[in-house]
Amino acid sequence: MTEQSNINQLSAQDAQFLYIQSATNLTHVMAVYIYDPSTAPGGKVRFKDIIEHMRKRMDISPMFKRKLYRLPLDIDHPYWVEDEHFDLEAHISHSRLPEPGDWRQFCIHVARHHSKPLDMNRPLWDMYVLEGLDNIPGYAKGSYAILTRIHHSTIDGVSGAHFFAAISDKDPHGTPAIPLPKGKTQANALPTTAEILNRAINSTVTSPVKLTQALMKFAPALLSSAQKI
């Protein structure tokens, strides 16, 4: 993400994934990983184990706890701010495949989850733990899947690869697959109102495209006011 003067504002490239999103054009990505719990200590992984594992990895990226701050009429690109009410368990859910728990049922669940929009008022990611993959050829009994969705505005190919590596372990002892950053990471504080307005005005005026878009958003209200005169 583009960061200037310690202000964490989305770049034009990242923001476009927000502007083009609609009910029929979702712009998040989803990774599907399938795990064999027999390789874990004790041969079993509980849902609460997954939550606690993620809780320990929350500091690897500010992505986990930051949400969007959008300006009225989108007169400038949004900012990332820390979610003061962040709740990890609100981002991780779980379910179980219905019988017969086969490949068809699995694909249906994956497609349904992927087709739902993310909650744009919270940090733009979630995880869905799916159990009951017992009748899928090639996978061990008791295997489960983790479906992770992340909005494209907050992650790209390189940062995505780093994210998934950082939450993974390379052995049963919980050794991270890659070295984790030291200390906590967090989104920068929101600029003052004056700073936001100044940046928005400069950005809009210096960009003919953005100026036109802003005028188009104001046009319906202006027309309505004129008709009432």
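Tutor: Asp134, at 25% relative accessibility, counts as partly exposed. This is a predicted model, in which local features need pLDDT of at least 70 and side-chain atom pairs count only at pLDDT 80 or more, while totals for chains, interfaces and linings use all residues. Residues are numbered from 1 along each chain as its sequence is written, and side-chain values use heavy atoms, with hydrogens and water left out.

Student: What share of the residues of the protein count as buried?

Tutor: Of its 229 residues, 36% count as buried.

Student: How many helices and strands does the protein have?

Tutor: Helices (H or I, at least four residues) and strands (E, at least two) are DSSP runs, numbered from the N terminus. Here there are six helices and six strands. Starting at the N terminus, you can follow them in the order α-β-α-β-β-β-α-β-β-α-α-α.

Student: Which residues of H1 are buried?

Tutor: They are Asp14, Ala15, Phe17 and Leu18. Because they cover an arc of only 145 degrees around the axis, they sit on the same side of H1; the arc is that of the directions from the helix axis to the C-beta atoms. The general idea is that an α-helix has 3.6 residues a turn, so residues three or four places apart point the same way.

Student: Which strands do the buried residues of H1 pack against?

Tutor: Strand E2 (66-69) and strand E6 (144-151). Contact here means heavy atoms within 4.5 Å.

Student: Which side chain of opposite charge is nearest to Asp14?

Tutor: For charge, Lys and Arg count as positive and Asp and Glu as negative, while His and the chain ends are not counted. A salt bridge is a side-chain nitrogen of Lys or Arg within 4 Å of a carboxyl oxygen of Asp or Glu. The nearest opposite charge to Asp14 is Arg66, 7.3 Å away, and Asp14 is buried yet has no salt bridge. The side chain of Asp14 does make a polar contact of 3.1 Å with that of Ser11. A polar contact is a pair of N or O atoms within 3.5 Å; within protein, one must be able to donate a hydrogen and the other to accept it, and residues adjacent in sequence count only if both atoms are side-chain atoms.

Student: How many salt bridges are found in the whole structure?

Tutor: Eight. One of them joins Arg149 and Asp126, whose closest N and O atoms are 2.6 Å apart. That pair links distant parts of the chain, with Arg149 in strand E6 and Asp126 in strand E5, 23 residues apart. Both Arg149 and Asp126 are buried. Now look at Arg55 and Glu89, which form a salt bridge with their closest N and O atoms 3.6 Å apart. Arg55 is partly exposed, at 39% relative accessible area, and Glu89 is partly exposed too, at 48%. Together with Glu52, Arg55 and Glu89 are linked in a network of salt bridges.

Student: How many aromatic pairs are there?

Tutor: Rings of Phe, Tyr and Trp (its six-membered ring) pair if their centres lie within 6.5 Å; planes under 30 degrees apart count as stacked, over 60 as edge-to-face and the rest as tilted. By this rule there are six. Tyr33 and Phe164 make a tilted pair, 5.5 Å centre to centre with 35 degrees between the planes. Tyr33 belongs to strand E1 (residues 28-35) and Phe164 to helix H4 (residues 157-166), 131 residues apart. Tyr33 is partly exposed, at 36%, whereas Phe164 is buried, at 17%. Phe64 and Trp125 are edge-to-face, because their ring centres are 5.2 Å apart and their planes at 85 degrees. Phe64 is buried at 0% relative accessibility, as is Trp125 at 1%.

Student: Which residues do ring pairs link into a cluster?

Tutor: Tyr33, Phe64, Trp125, Phe163 and Phe164. Met58 is also in contact with two of those residues: leaving aside neighbours within four places in sequence, its contacts are Phe64, Lys65, Phe86, Leu88 and Trp125. Met58 is buried, with a relative accessible area of 6%.

Student: Which peptide bond is cis?

Tutor: The one from Glu99 to Pro100, with omega near 10 degrees. Look for Pro100 in the loop between strand E4 (92-96) and helix H3 (103-114).

How values were computed:
Buried means under 20% relative accessible area, exposed over 50%, partly exposed in between (1.4 Å probe, protein chains only).
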